[in-house]
Amino acid sequence: MRGFFRRGQGVRTPGIRTLGIRSGLRWKLSAAIALVGALVAVALSLVVHNAARVSMLDNARDLADDRVLIAQRNYELSGRQNFPNAKIDDPDLPPELRRKVEAGRRATYVSERDGVTDIWAAVPLKDGHVMSLHSGFTDRSADILKDLDQALVIGSIAVVLGGSALGVLIGGQLSRRLRKAAAAANEVANGEPDVRVRDAIGGVVRDETDDLASAVDAMADALQKRLDAERRVTADIAHELRTPVTGLLTAAELLPPGRPTELVLDRAKAMRTLVEDVLEVARLDGASERAELQDIMLGAFVTRRVAAKDPAVAVHVVHESEVTTDPRRLERVLFNLLANAARHGRPPVEVSVEGRVIRVRDHGPGFPEDLLAEGPSRFRTGAADRAGRGHGLGLTIAAGQARVLGARLTFRNVRPAGAPEHVPSEGAVAVLWLPEHAPTNTGSHPMLPDRVGGA
């Protein structure tokens, strides 16, 4: 048996089970609010439960103290014990309470035994004996505590569920704004200059996401201005070089025949080609190019153009189809892909046409990994096994012209089936996917009827 003098009873707190939480912002916020709500609800429930129990025990002890006083007066007046449940020198009296009474003090005591709460009250008598009164914690008080605990549990669950719902609502709104901001930022990164993150997220209420969106828009504008300035400088330099390079080439053609003259002509022609390529890249970057659309039979067109460019390249038409495109730009893309395959790959170079898809394959070491991951980039010729010649403009121009056509240009390497990544490639494949409909979204316009069919 254990007891205490006016001490609250401790309650054991159950262990908290660890749950897996989804990594989304709304679920993290909901879990945080639910956890805080649960902790607050449990703490308040414990405080209220203990306060209510202590208050009930205090009332019971005060009642027992009043009753033992009445029993003492009756005993001293009548000389005999006639109060219900009162005893003289009860052998079951707790030793702690007995010592207090023997010291001449009236006291009450609460003890617990086998989950049952007992309330004692004792008072010293004039004849040296001890009168005590023993009662239990009433069933009514226990029922009140049980109902209180049930109400606290229901309230705690309601707080947790309400907090979770509030967290999902607030987190969902914030998550939607962030997703819209991320989608708009991706569009800006993909070259959409008119997209603004602040306009994309919308909303009336201003918060930190608006500050972030405004900062991203300002950064995008600054980068765009810098890129535009660099493009203008590049175009201006290339344009200014055009005239002296043309004069240099003309002067070289007037030199007397010989090996020095051939070297000068070769370098002058290479410089003129580079200048023309840089000017073309600048025009494509400016997004001012427009396709002149015609209806052509794709298989026949590719066969004729490849035969005129390099008769050694085999063309295989799997399926013929009629497409609406710009023949000049399509030829530019095709010739650049063939030049890249001939320069960096190994023969045989093969071209296949299947519906609206054109494939150009060589049997060289394959495209470099950075090109496969990021796409063509000007003045970057890739790894050492595909570098050393050129300026990295051929595939950049091909990709730009494909964009004007509304087409998609992809690159991949050919490896044996099931071969790991470290196994060398068996060739590189560039695939041009022409659109099903005319690329009006690029600003292209159809040709006049009298020019239709020219291939």
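Analyst: Start with burial: a residue is buried under 20% relative accessible area, exposed over 50%, and partly exposed in between (1.4 Å probe, protein chains only). Asp89 has 35%, so Asp89 is partly exposed. This is a predicted model, in which local features need pLDDT of at least 70, side-chain atom pairs count only at pLDDT 80 or more, and totals for chains, interfaces and linings use all residues. Residues are numbered from 1 along each chain as its sequence is written, and side-chain values use heavy atoms, without hydrogens and water.

User: What percentage of the 455 residues count as buried?

Analyst: The buried share is 35%.

User: How is a salt bridge read, and how many are there?

Analyst: Side chains of opposite charge can pair when their charged atoms come close. The rule asks for a side-chain nitrogen of Lys or Arg within 4 Å of a carboxyl oxygen of Asp or Glu. The count is four. One of them joins Asp65 and Arg106, at 2.7 Å from N to O. Asp65 is buried at 15% relative accessible area, whereas Arg106 is partly exposed at 42%.

User: Are Asp326 and Arg329, which also meet in a salt bridge, buried or exposed?

Analyst: Asp326 is buried, with a relative accessible area of 3%, and Arg329 is buried at 3%. Their N to O distance is 3.3 Å.

User: Which residues form the patch of negative charge?

Analyst: Patch residues have over 30% relative accessible area and no salt bridge; like charges are joined within 9 Å, and nonpolar side chains (Val, Leu, Ile, Met, Phe, Trp, Tyr) within 5 Å. Asp and Glu count as negative, Lys and Arg as positive; His and the chain ends are not counted. Each charge is placed at NZ of Lys, CZ of Arg, CG of Asp or CD of Glu. Here the surface patch gathers Glu76, Asp89, Glu102 and Asp127.

How values were computed:
Areas by Shrake-Rupley, 256 points an atom, 1.4 Å probe, with all protein chains shown as cover.
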